[in-house]
Amino acid sequence: MRKKIEKSDAEWRSQLSPEQYRVTREKGTEPPFSGDHQVREAQGIYHCVCCHAPLFENEHKFDAGCGWPSFDRPLGKGSVEEHDDTSHGMQRTEVVCSHCDAHLGHVFPDGPPESTGLRYCINSVAIDFNRDE
């Protein structure tokens, strides 16, 4: 297993925008429909904005109508980690980058039934799209 990327708060703040820092390092959520949630037809990979690790393939992105980018699966088994999240009086499953522990969003069991049945609901400010990768 690879060692996690660790940085001080000051290092993360200097690297990220205030909104990226709030979402990825403080477990925030961007407002729905505020970011880039459009399904692209181009081939590519979405990477973590904090450590640039590959997380999701564009071919597994779908329009869930929820206002956040949605994927039916991560790129691979080691791309993300899932943790129980009982904050805000809810029982959810948090999704974090397995390389740097950046908060990405949550996964729900209401995705496309013809594939995995999962919906990885990801904050757009937590990911960057790399076309043709």
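"Buried, in this talk, means under 20% relative accessible area. The model on the screen is a predicted one.

I'll start with the sheet. Six strands make up an open sheet, and their order is S3-S4-S8-S7-S6-S5. The pairing is antiparallel. At the edges are strand S3, residues 61-62, and strand S5, residues 80-85, and each of these pairs on one side only.

Strand S5 is joined to strand S6, residues 92-97, by 6 bridges, and the two run antiparallel. Together S5 and S6 form a hairpin, with 6 residues between them. In that turn, look for His 88, which has a positive phi of about 60°.

Now the aromatic rings. There are 4 aromatic pairs in the structure. One of them is Tyr 46 with Phe 71, an edge-to-face pair, 5.2 Å centre to centre, with 70° between the planes. Tyr 46 is in strand S1, residues 44-48, and Phe 71 is in strand S4, residues 70-71, so this pair links distant parts of the chain, 25 residues apart.

Are these two residues buried or exposed? Tyr 46 has 3% relative accessibility, so Tyr 46 counts as buried. Phe 71 has a relative accessible area of 0%, so Phe 71 is buried as well.

Phe 71 has another partner, Phe 56. How are the rings of Phe 56 and Phe 71 arranged? That pair is stacked, at 4.4 Å centre to centre and 20° between the planes. Phe 56 lies in strand S2, residues 54-57, and Phe 71 in strand S4, so the pair ties together parts that are 15 residues apart in sequence. Both Phe 56 and Phe 71 are buried, by the cut-off I began with.

Which residues form the aromatic cluster? Tyr 46, Phe 56, Phe 71, Tyr 120 and Phe 129 form one cluster. Phe 71, then, is a member of that cluster, and it is in both of the pairs I described, with Tyr 46 and with Phe 56.

Last, Trp 12. Lys 7 lies over the face of Trp 12, at 4.9 Å from the ring centre. The charged end of Arg 25 also sits over the ring of Trp 12, 4.0 Å from its centre.

To recap: an open antiparallel sheet, a hairpin made by S5 and S6, one aromatic cluster, and Lys 7 and Arg 25 over the ring of Trp 12."

Conventions:
Residues numbered from 1 in each chain as written. Predicted model: local features only at pLDDT ≥ 70, side-chain atom pairs only at ≥ 80, totals over all residues. Heavy atoms only, no water. Pairing = 2+ DSSP bridges. Helix = DSSP H or I, 4+ residues; strand = E, 2+ residues; numbered from the N terminus. Phe/Tyr/Trp six-rings, centres within 6.5 Å; stacked < 30°, edge-to-face > 60°. Buried < 20%, exposed > 50% of the residue type's maximum accessible area, 1.4 Å probe, protein only. Lys NZ or Arg CZ within 6 Å of the ring centre and 35° of its normal.
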